[in-house]
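Have a look at the model first.

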Amino acid sequence: MDEPFRDELDQLRARSLLRRLREIGSAQGPNVELVGQHLVNFSSNDYLGLAADERLRAAATHAIEQFGVGAGASRLVSGTQSPHVALERAIAKWKNAPAAIAFNSGYAAAVGTLPAIAGKNDVIVIDKLAHASLIDGARLSGASIRVFPHNHLGELESHLEWARREKPQARVIVVTESVFSMDGDRAPLREIVELKSRFEALLLLDEAHAVGVIGPNGGGLAAEEKLSADIQMGTLSKALGAAGGYICGSTSLIEWLTNRARSFIYSTAPPATVAAAAIAAIEFLQTSEGEDRRHALWKNIELLHQLLVSETNRKPESAIFPFIVGQENDAMNFAHALQKEGFFVPAIRYPSVARGSARLRITVTAAHTESQIRALVDSIRRLQRSSGRH
Ligand SMILES: *Cc1c(COP(=O)(O)O)cnc(C)c1O
């Protein structure tokens, strides 16, 4: 019998674009167990090493005793348990925002929020390298989508001019990230805020890779630069070590999303235990121990930057280090070779990044040791030399 999708899968395989899941038999952390092999893990977004932290475990265990596992219904029906309410308060306080709403994931936050705040008469102006969840949310909204080249202020400005000229009645929303997920660089936030204010647009800023890492209390890039976005998005699943996404902003925005964000309304609430773990992470970020952990992370970022990045006049911007290889199969081979040497570093390929810009995506965390970082770079350099690539 003809099996559907077989040919399509074969084609992906032939182009080195087939993806498969790899089973991890341990908690997240600087060391993981991958199908029986112990690896040093440079693949996760658990930047502060909180995913398996005792405080989060204890908060989750306590909540599971009290609230059980399933939330039973969507938040608006009967799924709002006390930890969900406490989480939203904790997010708003930590982010210094009037209000917050939590979603099942960052992905759900994006695809729920953009269609709720923009419709077919509106305009979304979005950075070319914005995360898939933001692109999907923009498409789902039915708004006119204008894409500007990555971090290109001139093109952003001309799209905003176009929107104001051609669609004077439209709500215009600028969508970007503070730290880009596959390149690790930052948006020129001050200039973007200046432009969106001049054109009376709204800014949706996704801080997924900045919260926990950048800014006072790990509040993100906007907090660091004392700027504000109208719609602040983030995830509780990366530096915060738990799961779930959030939006914060004005009380009317949050009330509107509670009424209109379909991924919030039509999906069962996440387990209260996950919310409890996220609260523990947010509390930890605001302690002096949390600050020490952030310093430990930045010490590791500086070390990896110094060892790996040749343009030393550049400053490291985040915990994400793209090591561009180019061809998809070369990136796969490089990642396999590193795995043989004991390192888990993912090869990132199309469609996560442009064709021909396949890369190793190295992420460093506060929990790595100096010798683990040095050993990784030694292996990369040795493999580069033996493959004749420099
Ligand atoms: C990971 C990520 C998301 C999605 O967050 P999840 O909680 O993992 O669904 C959204 N935006 C960006 C930029 C991300 O990197």
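**Pocket and helix crossing**

The second largest pocket draws at least three lining residues from each of domain 1 (6–41 + 288–387) and domain 2 (54–285), with bounds from an automatic or database domain assignment. This is a predicted model, so local features need pLDDT of at least 70, side-chain atom pairs count only at pLDDT 80 or more, and totals for chains, interfaces and linings use all residues. Residues are numbered from 1 along each chain as its sequence is written, and side-chain values use heavy atoms, leaving out hydrogens and water.

Q: Which strand gives the largest share of the lining of the second largest pocket?
A: The lining has 17 residues, with V309, E311, R314, F321 and P322 nearest the centre. Helix 13 (288–308) and strand 10 (320–326) each supply at least two of the lining residues; helices (H or I, at least four residues) and strands (E, at least two) are DSSP runs numbered from the N terminus. The largest share, five residues, comes from strand 10.

Q: Is helix 5 roughly parallel or roughly perpendicular to helix 10?
A: The axes (lines fitted to C-alpha atoms, over the stretch in contact, with angles from 0 to 180 degrees between N-to-C directions) of helix 5 (residues 106–117) and helix 10 (residues 251–260) come within 10 Å and cross at roughly 105°. Angles of 65 to 115 degrees count as roughly perpendicular, so helix 5 and helix 10 are roughly perpendicular.

Q: Which residues of helix 10 meet helix 5?
A: Contact means heavy atoms within 4.5 Å. On the helix 5 side sit T113, A116 and I117; their partners in helix 10 are L253, W256, L257 and R260.

Conventions: 1 Å grid on protein atoms, 1.4 Å probe; cavity = no way out; pocket = protein on both sides within 12 Å on 5 of 7 lines; lining within 4 Å. Parallel < 35°, antiparallel > 145°, perpendicular 65-115°, else oblique.
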